[in-house]
Amino acid sequence: ELLNVKTLLISPLDSKVIYAGTDKGIFRSEDGGESWRNIFLTKGSKKGVNLLIFHPDNCNAIYAATGSGLFYSSNKGLNWKRIFRGKNSPEADCFAIYAASDGIYLGTGEGLFISRDEGRSWSKEPGKLGDSKIFNILSSPRDRSNLYIASVRGVFKSVDSGKSFERIFVPNSTTNGQEVDNETEDDEGNEEPRLSEIRYLAVDPNNQNELYLATSRGIYSSKDGGISWEIFSEYGLLSQDIYFLLFSKQSQFYCISKSGIFSYRDTAWQELSFTLGS
C-alpha cells in the first residue's frame with residue numbers, strides 16, 4: 001500500500017536527503033528517494049503531516065505542521081515535541097509555518113498564530129486573516145519584508161513585514177480579482193466550497209517576482225509579483241489537482257499532484273518513482 005505523500009523537504013546541504021510528510025507520519029531518505037525510513041508516527045484522529053520546513057538559520061531544526069498540532073525537532077527528526085496544540089480541532093489542524101528572526105508564524109484551519117518565544121507561547125492574529133483557513137505563508141527569498149499568505153479567501157501580499165496585506169489572487173478566478181475586495185456576510189458562507197481551489201504558494205528562490213500557485217485546477221504562475229497570473233505548463237502531469245509545490249535552491253521545480261510526485265525538466269513534467277510503503 002502506497003502512502004499519501006502531502007509534503008516534501010530537501011536538505012539544503014545534501015539534495016539526496018529528503019523528508020516526506022505523509023498521512024501516516026514522516027519518512028526520511030538519504031539516497032535521493034531510493035529507500036525510506038520512518039522517523040515520526042503521527043497520532044490522533046487527524047494524522048496527516050501537512051508541511052515540513054527547516055528553521056532558516058538551522059538545518060538541524062525541523063517544524064512539522066500536522067492535523068494534531070505543530071511539532072518541532074532540533075536534531076534532524078530524531079526526536080520530536082509538540083509546541084502548539086490549538087484550542088479546538090480546526091486550530092489544531094496546522095497547514096502553514098513560516099519561521100523568521102522575529103518569530104514563528106503558524107497558519108491553521110482557524111486563523112494565523114504568532115509566537116515570539118520559539119513556540120513557548122502563541123497569540124492569535126486579529127483581523128481578516130485571524131479567522132480564515134490558511135494554507136501557507138512565505139517571504140520573498142531576497143526581501144523578507146515581502147510576505148505572502150495563501151488562504152481560503154485568496155492570496156495576500158504584504159510589503160511591510162505583515163503590518164498590512166493586499167489581496168492579489170482570488171479563488172475561482174484566473175485574474176487578480178481586485179473587484180471582490182469588499183466582502184459581505186455572504187462571502188463568509190461561500191468559503192467552504194472554495195477550500196479545494198487554492199492549495200499552496202511558492203516563490204522561485206532565484207527570482208522573487210516569480211510566484212507559483214497550486215490549485216485544484218492546475219498551477220498558476222505570475223512573473224510580476226502577483227499583479228497578473230496565467231496557467232503554467234501542464235505537459236506531463238497526469239492530474240490538474242495539485243497539492244504542493246517545491247523549489248530547490250537551484251530552482252529545480254517539483255509538485256505533488258493527485259497522481260504522484262513530479263519534477264519539471266526541459267519544459268515538461270516527469271514523474272518521480274518514490275516508493276513509500278507502509
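Reply: The structure holds 20 aromatic pairs. Rings of Phe, Tyr and Trp (its six-membered ring) pair if their centres lie within 6.5 Å; planes under 30 degrees apart are stacked, over 60 edge-to-face, the rest tilted. This is a predicted model: local features need pLDDT of at least 70, side-chain atom pairs count only at pLDDT 80 or more, and totals for chains, interfaces and linings use all residues. Residues are numbered from 1 along each chain as its sequence is written, and side-chain values use heavy atoms, with hydrogens and water left out.

Take Tyr-19 and Phe-54. Their rings sit edge-to-face, 6.0 Å centre to centre, with 80° between the planes. This pair links distant parts of the chain, 35 residues apart: Tyr-19 is in strand β2 (residues 18-22) and Phe-54 in strand β5 (residues 49-55). Strands are DSSP runs of E, at least two residues, numbered from the N terminus. Both Tyr-19 and Phe-54 are buried, meaning under 20% relative accessible area (1.4 Å probe, protein chains only).

Now Tyr-212 and Phe-232. They too form an edge-to-face pair: 5.4 Å centre to centre, 85° between the planes. Tyr-212 belongs to strand β18 (residues 211-215), while Phe-232 lies in the loop between β20 (230-231) and β21 (242-247). These partners are 20 residues apart, and the pair links distant parts of the chain. Both Tyr-212 and Phe-232 are buried.

Key: Helices (H or I, at least four residues) and strands (E, at least two) are DSSP runs, numbered from the N terminus. Buried means under 20% relative accessible area, exposed over 50%, partly exposed in between (1.4 Å probe, protein chains only).
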